[in-house]
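Welcome to this short tour. Open the model in your viewer, keep the selection tool at hand, and follow the stops one by one.

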Amino acid sequence: MDVPGRVHYKAAISRLLLPSSSLVPSDKLVIVIRAADSPLLPQQRLRSLLKTVSWRSSPQHLTTTAHRFINVLRIPNVMATDMTTSVSSIGSLKRIPQSRLQGKECLGRSSASKTRQQLKWALYTCAVVFCLQALTEMVDAEPVLASSLGFCKPVPVLKGAPLHCCLPAPRRFPIRFRFPRIPRTFSGRPILRERKPAHILQNDPEYVRKYNLAYARMKALPDTDPRSFLNQWRVHCSFCNEAFRQRKTPGPLGPETGVLLQVHYSWTFLPWHRMYLYYHERILASLINDPTFALPFWNWDNQLDQDAAKMPAMFLPNFGIPNAALFDEFRNSNHFPPKLLYLGYNSKLEAEGQQNLTDQQIKYENLCVMYNQVTTKISARDFLGGPYVVGTDNSAATVNVSAGETPGESGGMESVHNVAHEWTGLINDPDHPDNEDMGNFIYAARDPIFYTHHSNVDRLWDVWKTIPDKVTKSGDRKRMDFMSRDFLDTEFTFFDENQDMVIVKVRDSLDSSKLGYKYTDVSESDNMWIYYEPLPAQESSKTCNSSEYPAPVPSGYNYIGMDPVSFKLDRRAPTTKDCRDKGVKSVDQLQEDVVLERVKIPHSEYARFDVFINYPAANRRTRLYMSEFVGTFTHLPSGMVDMSKSVSESASESDDKFRIVTIRYSVNAALKRLGITDYNTDIVVTIVSKGARNSSPKTGFTFSNLKQDFQ
Ligand code: C2O
């Protein structure tokens, strides 16, 4: 779309409210967009879009579609060729301040300032009429609008019949999210409910009793109740295992695209799970009539307190205080306390008996993994994940890169969170090939520990924003969420404690205090990984000769087998072009990344690989507290075996079932430790696969390219 005013136009759409009128199929709808947002569109273009809409769909569908607009003027059988006719009807519409328009609007904003005077004059004298079809056709990238209504398919699993993860229909029309009313002290300070560490709360019998009671009641609700534990699990199963399709226009029943919806592997990962937990917690609280109730968090990144990184005892058998509702039989009993959750964990190595670290080694590796997955990732993209807009297909091997489609891209937080899933589930148990519960996205939310794990993931998102730069040359870059409207206006639906379906936007999720909760301050342990210093770089790494290693085959198949593979990576200096859309003022604020593009991993396999720079000798035994280690990725199987069937509408590689994902490694800090301060020095990137679970030929996987990038 080459029209500078595109973003303004989109902004107008997003403000549209709900009319109550019902419509009949013979109605002709005229959608009126405020002049304030439209003059930047060339008049000619506007005219070409000027159409009436003849609705062929059912009245019911029509009504719900119409709910998306602030002013769907109901003008039966009128051709809206006379713009001034419409003007009077929109006189009360408000203007969106320019400051609200963020993200890709740079172009539009500069044009806007030039013509501001004219625009003011034109503000309410020019109205623009669009038809819905034109609207959807003209926009090339849009926020994903996801809802659990409409199309829903069963989710295939490795063993047995496909799972039904679809949600009950809401009793009434979905409602828009509203921030909760937060109680205040006499002096006006907000009283936030506090999510506390699980290893502390388990010493509080009163809390455990309430927590257990809340789950007991949730589990006792009938299957038809959207608040039931079964349906809470289904929320995760369906949104995380592609039971639904993306929508492309606002509202819970907007037209669907053919692309399956997946909330992992992108920037939706953190916001979606935050809101999922928010409603889960509100439901638990209401079931025990305690509005102050808050979930615990499993503080597994904490290497200071000896109990924090263990599986919290309150979830385990023989706890002492009744905890039956918190228990789940599908957990790896080999990992019960006193075992520490190991962020370098790989089930394949463990099965081979090759994972015998001391607690001390585990702690140091854990600190260094956290440091590389959180501290060194300063850009939103590195931490939260890559963009997910309409058409992004994270679901399987359906990505056709030559057609411009993008695969998923996990952020640092998501990649490390996968390890805790893998570690908790029934790994290496031949009776449980799906690795239920936690080790598989389909089943994960059947285990109450899931929500306390995600509570920590959610906490770390808040912590991330407070970490000082320590990464870029300038040293003064702030960590911020994405500001693009494609991110902010992404929509999801959840059921609330009143069984209502609520439409939530990503922008609603960004500030946890506005949602009424906070986390216990555990900064003493956070600081251990935030300020972690790996072992000093080895001399041989500082002088590593990259010319001895092959360059990756661009856009080709680069194989990662069981043995480590090393590639030479050409580097260049960043230019001002690299600053575009990154929210940075200068190249010195940029983060340098090594990007593994389109890693193709068999869908139902575990896989883990760690990445090192200038250390081609790295192997599966190399400890992760080295200077040369820059990050990790763990792939969880989603338990779906026949992706060619489940995505039959768009499958282009039906010969096998793959997850395709792009992973970033942030290398500024490591380069500094290696003494590489210029951009002329090329580096060696070594990928150490720790193997997939099965020893089939598929244990190897491929990637399409390795490149340097700036964020
Ligand atoms: Cu939706 Cu931890 O996963």
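Start by selecting residues 264-281. Over this span the chain is 72% helix and 0% strand, and its end C-alpha atoms are 21 Å apart. Helices here are DSSP runs of H or I with at least four residues, strands are runs of E with at least two, and both are numbered from the N terminus. UniProt, in an unreviewed entry, lists residues 264-281 and 447-458 for "domain: Tyrosinase copper-binding". Positions from that record are given in the numbering used here, feature names are shortened, and annotations may be inferred rather than shown by experiment.

Before moving on, a word about what is on screen: this is a predicted model, in which local features need pLDDT of at least 70 and side-chain atom pairs count only at pLDDT 80 or more, while totals for chains, interfaces and linings use all residues. Residues are numbered from 1 along each chain as its sequence is written, and side-chain values use heavy atoms, with hydrogens and water left out.

**The second listed span**

Now select residues 447-458. This span is 83% helix and 0% strand, with end C-alpha atoms 18 Å apart.

**Two crossing helices**

Next, colour α16 (residues 449-466) and α18 (residues 523-530). They pack at an angle of about 70°, and their axes are 12 Å apart. The axes are lines fitted to C-alpha atoms, for helices over the stretch in contact, and angles run from 0 to 180 degrees between N-to-C directions. α16 and α18 are therefore roughly perpendicular to each other, a term that covers angles of 65 to 115 degrees. Their crossing is right-handed, meaning that the near helix is turned clockwise from the far one by less than a right angle.

Which residues make the contact? Show the side chains of Arg-459, Leu-460 and Val-463 on α16, and of Asp-526, Trp-529 and Ile-530 on α18. Contact means heavy atoms within 4.5 Å. These residues divide into four nonpolar, no polar and two charged. Ala, Val, Leu, Ile, Met, Phe, Trp, Tyr, Cys and Pro count as nonpolar, Asp, Glu, Lys and Arg as charged, and the others, Gly among them, as polar.

Most residues other than glycine have a negative phi, and most peptide bonds are trans. Go to Pro-337 and Pro-338: the peptide bond from one to the other is cis, with omega near 15°. Pro-338 lies in the loop between α11 (269-287) and α12 (347-351). Another cis bond joins Glu-436 and Asp-437, with omega about -5°; Asp-437 is in the loop between α15 (412-424) and α16.

Then pick Gln-499, which is not a glycine but has a positive phi of about 70°. Look for Gln-499 in the loop between β10 (491-495) and β11 (501-505). Is this residue buried or exposed? At 18% relative accessibility, Gln-499 counts as buried, which means under 20% relative accessible area (1.4 Å probe, protein chains only). Arg-598, in strand β15 (residues 592-602), has a positive phi near 50° and, at 16% relative accessibility, is buried too.

Find Leu-192 in the loop between β5 (175-176) and β6 (193-195). Its C-alpha atom is 5.0 Å from that of Gly-516, 324 residues away along the chain. Beyond its neighbours within four places in sequence, Leu-192 contacts Ile-182, Ser-513, Gly-516, Tyr-517 and Lys-518.

**Zoom out**

Finally, show the whole protein: there are 21 helices and 21 strands, and 62% of the 711 residues count as buried.

Note on methods. Angles under 35 degrees count as roughly parallel, over 145 as roughly antiparallel, 65 to 115 as roughly perpendicular and the rest as oblique. Buried means under 20% relative accessible area, exposed over 50%, partly exposed in between (1.4 Å probe, protein chains only).
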